[in-house]
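Subject: Structure handover

Hello,

Here is the structure for you to take over. My notes on it follow below.

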Amino acid sequence: MPKPTNESPTEGPLKKVTIRDVAKQAGVSFKTVSRVFNNETTVRPKTREKVLSAAEALNFSPNIFARQLSLGRSNNIALVIFDFPRWSYYADVIIGVQHECQKHGFSVSVYSLTSASKKQLETLRLAVLSRSLAGLVLTAPWSSNKRFLAQVDSWDISIACILSDNEDSIHPAVFNNDIEGARVRARYLLSLGHLRFAIAAGDLHQPFVRARLQGTLEELNKAGVKGSDIAILYGDVSFEAGYELGTEIINQPNKPTAILAANDLMAAGIMRRAHEMGVAIPDELSIVGFGDLQVAGQVWPGLTTVRQDTTGMASAAARMLITEGKQDQTSNPHVYFETELLIRGSTAKPGR
């Protein structure tokens, strides 16, 4: 007797219905279908009805959906970073994500992008479509790039963002308080008696650069520092950019007594150039960085800086994706990290 089969002699093998088929039938996203079958209260009644009707029409049940999750869930997270090879910040991000993944039996793949062009996104898109990823951790600038986020959202994959701004983000996100950290370091220099400043601002395309510049200017303006006593210079956030800006800063007609750099790498580059030009730090020039990268403790004198818990933020972002997949995510998808001022030898009272 012939063995039973689910094939039709005229139609071929029966197609297995998936939750993506339900989403397409209902005209909603994959995530919306997931929320309906998980009985989440955030779904509007009309939307819920559309999803359930589509599932019924396709003969698809929530029990099948649950089984698909248990059998088809990937244990791999993608970390999407900006292609800037000399930026040691990413080493801490990778370590944070990797440590969290190891705790839960997950792995991490790193995707480095220089732009949001179609060509750049294709490799990442193919990985998502192959269902080899459980979710994406997005770092700046991708985490606040609206065009990039819209493209990734269309792939129906879980996202967690590491952000300095854009607190109205609809995605789970961790936030570093760059604005307040910038205020604190400016306030500290003001307390030492500094009145003339240079700001090595970095590239304004980076959200953290904009946030740190905003906080710095807000604090200096609040203290009544005149615009003519604030020189703002731009470059990328590298050691090399800081080194190049060092000459221009030190040769300012209205010579500053204190410099606020966008990050520690820029600050280290400025310090190197100051040493070469015979400018004593901190006796003639105080310098403050941001980030507490490894270089901050390696330069001489040690760099006063603002510590941010980069590894902790990255771990939290990865944890958001993992707990979301286990349906154990907290009701508040935003987590905030504070900064801390670390005073070392690169700052002192002016004209000491």
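Apart from neighbours within four places in sequence, V174 is in contact with C161, I162, L163, M313, A316, A317, M320, V335 and F337. Please keep in mind that this is a predicted model. V174 belongs to strand β7, which covers residues 173-176. Its relative accessible area is 0%, so V174 is buried, the cut-off being under 20%.

L220 sits in helix α9, residues 207-222. With 0% relative accessibility, L220 also counts as buried. Neighbours within four places aside, the contacts of L220 are A186, L190, F197, I199, V225 and I230. The C-alpha atom of L220 is 8.3 Å from that of R183, and the two residues are 37 apart along the chain.

Next, the sheet. Four strands make up an open sheet with parallel pairing, in the order β9-β8-β10-β11. The edges are taken by β9 (230-233) and β11 (286-288); each has a single partner strand, so one side of each has no neighbour in the sheet. From one strand to the next, the twist averages 15°. Strand β10 (residues 258-261) is joined to β11 by three bridges, and the two run parallel. Within this pair, A258 of β10 is opposite S286 of β11. Helix α8 (residues 178-192) packs on the sheet and touches β8 (197-200), β10 and β11. The direction of α8 makes about 175° with that of β10.

Last, a helix pair. Helices α1 (residues 19-26) and α3 (residues 45-57) pack with their axes 8 Å apart, at an angle of about 120°. That angle makes α1 oblique to α3, and the crossing of the two is right-handed. On the α1 side, the contact is made by V22, Q25 and A26. On the α3 side, the residues are K50, V51, A54, A55 and A57. By class, this contact of α1 with α3 has six nonpolar residues, one polar and one charged.

Regards

Note on methods
Residues are numbered from 1 along each chain as its sequence is written. This is a predicted model: local features need pLDDT of at least 70, side-chain atom pairs count only at pLDDT 80 or more; totals for chains, interfaces and linings use all residues. Side-chain values use heavy atoms; hydrogens and water are left out. Axes are lines fitted to C-alpha atoms, for helices over the stretch in contact, and angles run from 0 to 180 degrees between N-to-C directions. Angles under 35 degrees count as roughly parallel, over 145 as roughly antiparallel, 65 to 115 as roughly perpendicular and the rest as oblique. A crossing is left-handed if the near helix is turned anticlockwise from the far one by less than a right angle, and right-handed if clockwise. Contact means heavy atoms within 4.5 Å. Ala, Val, Leu, Ile, Met, Phe, Trp, Tyr, Cys and Pro count as nonpolar, Asp, Glu, Lys and Arg as charged, and the others, Gly among them, as polar. Two strands pair if DSSP finds at least two bridges between them. Buried means under 20% relative accessible area, exposed over 50%, partly exposed in between (1.4 Å probe, protein chains only).
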